[in-house]
Amino acid sequence: MSNLYVSATPHIHSGASTRNIMLDVIIALLPATAASVIIFGVKSLIVLAACIITAVAGEALFNLICRKKQTVGDLSAVVTGLLLALNLSTNVPAWQCVIGTLFAIVCVKCLFGGLGRNFANPAITGRVFMLVAFSAVAGGANPTIVDAVSSATPLEVLAKGESVDVLDLFLGLHGGAIGETCVLALIIGFVYLLVRKVITWHTPVVFIATVFVLYLVFTGDVMMALSQILAGGLFIGAIFMATDYVTSPITTAGRVIFAVGCGVITFVIRYFCAYPEGVSFSILIMNILTPFIETWTEKKPLGGVR
Amino acid sequence: MRKNISTLKLHHNKHTAGCKAAAIAPPEEVLLPLTMHSGSPAEPIVAAGDYVRIGQLIAKAGSGMSSPVHATVSGTVTAIEPFTQADGKSVQIIRIKSDGKMEKDPNLAPPVFDDLDGFLAAMKDSGVVGLGGAAFPLWGKFDAVRRNKVDTVLINGAECEPYITSDHRIMLEEGELLKAGIELLHKYIGARFVICIEDNKQDAIDNLTQVFAGVDYVEIRPLPSIYPQGAKQVLLYNVTGKVVKGGQRMASLGVLITNVSSVTKMAEYMTTGMPLVERIVTVDGTAVREPKNVKAPIGTPISHIIEQAGGLKCEPAKVLIGGPMLGTAVSSLDQPIQKVANAVLAMDKREAVKLEPSVCIRCGRCMANCPVDLNLEGIAAAMEMENEDKKYTELKRLGVGQCIECACCSYVCPAHKPIMHTNNDARRFIKQYEAAHAEEGRK
């Protein structure tokens, strides 16, 4: 009887695991991934493959070279690669995808100690890095399933003061990053994450609502406000990047503050600056503020004396 | 504003709720630790070779907070020796080899008293401790009424841990004894009594409603069946809305909480003179052939108790004394059940999960599920600090002392981190730090 297993309490577990959570995020991204292939054709598969393979191989190699425990099994590298790919357009050549993903995985994630230790979202930072290094990452590519005349993204069109068809925006039948255009697919993923209790509604809803309200207040135009939230990377950013556990606040109050901050910065960049898109920058800036937000919103324990 | 305490919905697994507690064949031997209660160890008054009978005093209460130990079988004391407990502590035990006759001590008689002092002294003699898990001597708990005005006593029959049904059976089978116990408490202490029962035990609620019909100072309070409903701080809040602050005693709020089995066992001593020598133990788990409730002499080895439940149907991977959330895993079936042991669970390979901790991904589930809203991430970070003074200040600021050790955090953690044990380490660190600094102050 000496082979009884002895361990600390508790002796039962909810069954939750990091791997299962990552798997849920991947499943939630599948509708958007499928939409990207439908809208932009097989070219999007090249972007997806380049990013995901590089992310997993990059993390595996890093762990191997640094003699660290192999962590690719937790699937977080797949999530990073997939998210980054969905934030790029089919115009981005594969070699740029590889370099951008390597930056995201190695410099942003692994060098800081891997999953759980990075202060900024790797996919977001990778995208911003590519934006700076290679200029256009989101624009330029046209959907293959519709006859598009303009190669401008809806945000660029909106910035010129012209209007965009809202239904086209909702279905994603326009130029842009492959995974950001189809809002319908992103909302399906959002609902899945809520049902699986992977995330709470606070960050995405507050983020998007803040942008909507600010546009409504500043332009007084409902259609403009609606077009602005449906265009660009707002939905994919709010649902999948701003809710990243590692780089966003852990408290509910903190998440609301974080989301409001993201919304305000996105609006300021889009409305006042020459630059048409601000979601990535807003999340990156709020990532940096996360530790402070957490300090402000710390809960007092029941019966705790301070 | 009343806050909503975070709780978990666990699978109740109360398979044995309908199993009447059955007497078992006498064990060959019982092992009685002198430390089955919190406080100072009991002091043996017998020696190897002495013949003892059931209920006979074999170790008197030590000084200060302590509780006596009584023989739980008739037979011969074979040794008083050190023994390594399931939790790894080395303690003194009295071994009694049973003669199989289970003879009661003929000198047992109900205690006689007519005031609070006499009542508390008798309570001490009963050997009853907090049977819900705290093991705090019952007399010590009620001694607080000398210093505090206690107006409410919560009788804890929540039994929120999965599997365990021993309190449930007590409430079904010993309603009259419970009533006798509460009547005595009411006579000497006053106060109103609230019997708190989770609503998954409707038959117990019905039974006690009937038993206490017409008793105006007793209320039966059904509560939602959620974990950890029975934890003192949670129960106190959910029933009275009060909160024990750090460093405060519950009695100073005018409330005491005691387990339903403790009161019943106390009443048994007061009415028959038989001290705490046996208790109801739930035997369950995926490796047990016939899950049931048994009335087992305190000190009975686990192996004997499992045998009395039809034995094992497969080799167990893990055996617990107590429930799956808070019980202690044993390395050997020679371990005895102590006064607080409400269950023996034998889990098969599938049920006894082995989990490897990985890095925290900051999902926040531990904090979302913490009944007392601890900043568990902050506590884990503080425990990494090297400067002891800073570490101490930060841990005190975070209020880790408020941890109720319910293990909800560890249960939900996707990274499988032993979060509750980090809290325990933190509390131990605070104690050691304070002790070291108190000593420095004296020098």
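1. Which residue just after helix 10 of chain A takes a positive phi? In this predicted model, the residue is A:Gly232, whose phi is about 70 degrees. At the other end of the helix, A:Asp221 caps the N-terminal end. A side-chain oxygen of A:Asp221 lies 3.0 Å from the backbone nitrogen of A:Met223.

2. Helix 10 of chain A covers residues 222-230, and its buried residues are A:Met224, A:Ala225, A:Ser227, A:Gln228, A:Ile229 and A:Leu230. These buried residues pack against several other helices of chain A, namely helix 6 (154-159), helix 7 (166-171), helix 8 (183-195), helix 9 (202-219), helix 11 (234-241) and helix 12 (252-272).

3. Elsewhere in chain A, helix 1 (residues 18-40) and helix 2 (residues 43-65) have axes that come within 7 Å and cross at roughly 140 degrees. Angles over 145 degrees count as roughly antiparallel; helix 1 and helix 2 of chain A are therefore described as oblique to each other. On the side of helix 1, the meeting residues are A:Thr33, A:Ser36, A:Val37 and A:Phe40, and on the side of helix 2 they are A:Lys43, A:Ser44, A:Leu45 and A:Leu48. By class, this contact has 4 nonpolar, 3 polar and 1 charged residues.

4. A:Ala133 belongs to helix 5 (residues 122-134) of chain A. Its relative accessibility is 45%, so A:Ala133 counts as partly exposed; the exposed class begins over 50%. A:Ser89 is 44 residues away from A:Ala133 along the chain, and the C-alpha atoms of the two are separated by 15 Å.

5. Chain B has an open sheet of 4 strands in the order 11-10-9-12, with parallel pairing. Strand 11 (218-223) and strand 12 (255-259) stand at the edges with a single partner strand each, so one side of each is left without a neighbour in the sheet. On average, neighbouring strands of this sheet are turned by 25 degrees against each other, direction ignored. Strand 9 (residues 152-157) and strand 10 (residues 192-198) of chain B run parallel and are joined by 6 bridges. Within this pair, B:Ile155 stands opposite B:Ile195 in strand 10.

6. Helix 4 (residues 175-189) touches strand 9, strand 10 and strand 11, and its direction makes about 145 degrees with that of strand 10. Helix 6 (residues 232-240) touches strand 9, strand 10, strand 11 and strand 12, and its direction makes about 120 degrees with that of strand 9.

7. Helix 4 of chain B also packs with helix 7 (residues 260-272) of chain B, at an angle of about 85 degrees and with axes 8 Å apart. The two helices are therefore roughly perpendicular to each other. Among the residues that meet are B:Leu177, B:Leu178 and B:Ile182 in helix 4 and B:Val260, B:Val263 and B:Met266 in helix 7. The residues of this contact divide into 11 nonpolar, 3 polar and 1 charged.

8. Chain B also has an open sheet of 4 strands in the order 2-8-7-4, with antiparallel pairing. Here strand 2 (29-33) and strand 4 (51-52) stand at the edges, each with a single partner strand, so one side of each lacks a neighbour in the sheet. Strand 2 and strand 8 (residues 90-98) of chain B run antiparallel and are joined by 5 bridges. The bridge partner of B:Glu29 in strand 8 is B:Lys97.

Note on methods
Residues numbered from 1 in each chain as written. Chains lettered and ligands numbered in written order. Predicted model: local features only at pLDDT ≥ 70, side-chain atom pairs only at ≥ 80, totals over all residues. Heavy atoms only, no water. Buried < 20%, exposed > 50% of the residue type's maximum accessible area, 1.4 Å probe, protein only. Contact = heavy atoms within 4.5 Å. Polar contact = N/O pair within 3.5 Å; in protein donor to acceptor, adjacent residues only side chain to side chain. Pairing = 2+ DSSP bridges. Axes fitted to C-alpha atoms, helices over the stretch in contact; angles between N-to-C directions. Parallel < 35°, antiparallel > 145°, perpendicular 65-115°, else oblique. Nonpolar A, V, L, I, M, F, W, Y, C, P; charged D, E, K, R; others polar.
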